[in-house]
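Q: I would like to learn how to read a few features of a protein model. Could you walk me through them?

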Amino acid sequence: MATYRPDSNTLLKADSILEYVLDTMVYPREHERLRELRLITQKHPWSFMGSSPDQMQFFSVLLKMIGAKDTIEVGVFTGYSLLATALALPDDGKVVAIDVSRDYYELGRPVIEKAGVAHKVDFRQGDGLAVLDRLLADGGSGGAFDFAYADANKEQYRGYHERLLRLVRVGGVVAYDNTLWGGSVAMPRDTAGSSAYDRVVRDYMVGFNAMVAADDRVEACLLPVADGVTLCRRLK
């Protein structure tokens, strides 16, 4: 969550609403290994980089609804969202997990192994754009993937978009995280409490969301879940 809302963990009117959602719908059915990795992630100094549990529950349902088998994740951190994805895929499913750092992933890898889904994970260390380019060069441009999730360098989202639309099949889904950036996209850019970085990302997200809304290759929606999730269903 961007520092435009430093005292809140949600875009909802009150944190108590998020707590209700988590306590009612998310935590009662949370996989024990997901809970373990969520708690590990929450103790990390950069825990704000982790995906939210309600968002991951939504993705789990979405992946099953579209019958996803092969997926891509750009930005892994401790692997919490990666584990949620792997658990939602069939036993012969695969998720190509991309991150510039393997160190954070190693924090969650033992939990992923305990969950029995490590065989579904293909971790690739490197810059997101570079790894996606290699996937395309290896023949992935035929739409070999059903779903992709981008939650890495925010200022590379346009580059991710162009590549992921070639990698994901027609009818497949691409999801982008943090596209409301603490609600700042609907606030003046000089809102009190914002950092220089927040203003840069805020401006970028305003442009990115406008670009996606005008992109006739996708059917898109922007959900006020967590820090904003933009979903794109590939049309052509």
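A: Let us start with a term: contact means heavy atoms within 4.5 Å. Setting aside neighbours within four places in sequence, Val 26 is in contact with Val 21, Pro 53, Asp 54 and Gln 57. The model is predicted, so local features need pLDDT of at least 70, side-chain atom pairs count only at pLDDT 80 or more, and totals for chains, interfaces and linings use all residues. Residues are numbered from 1 along each chain as its sequence is written, and side-chain values use heavy atoms, with hydrogens and water left out.

Q: Is Val 26 buried or exposed?
A: Buried means under 20% relative accessible area, exposed over 50%, partly exposed in between (1.4 Å probe, protein chains only). Val 26 has 5% relative accessibility, so Val 26 counts as buried.

Q: How do I read the packing of helix 7 and helix 8?
A: Two packed helices are described by the angle between their axes and the distance between the axes. Here, the axes of helix 7 (residues 157-167) and helix 8 (residues 196-213) come within 10 Å and cross at roughly 25 degrees. Axes are lines fitted to C-alpha atoms, for helices over the stretch in contact, and angles run from 0 to 180 degrees between N-to-C directions. Helices (H or I, at least four residues) and strands (E, at least two) are DSSP runs, numbered from the N terminus.

Q: And what is the strand order in the sheet?
A: Strands of a sheet pair through backbone hydrogen bonds, either parallel or antiparallel. In this model, 7 strands make an open sheet, ordered 3-2-1-4-5-7-6, with mixed pairing. Two strands pair if DSSP finds at least two bridges between them. Strand 2 (residues 94-99) and strand 3 run parallel, joined by 5 bridges; Asp 99 has Gln 125 of strand 3 as its bridge partner.
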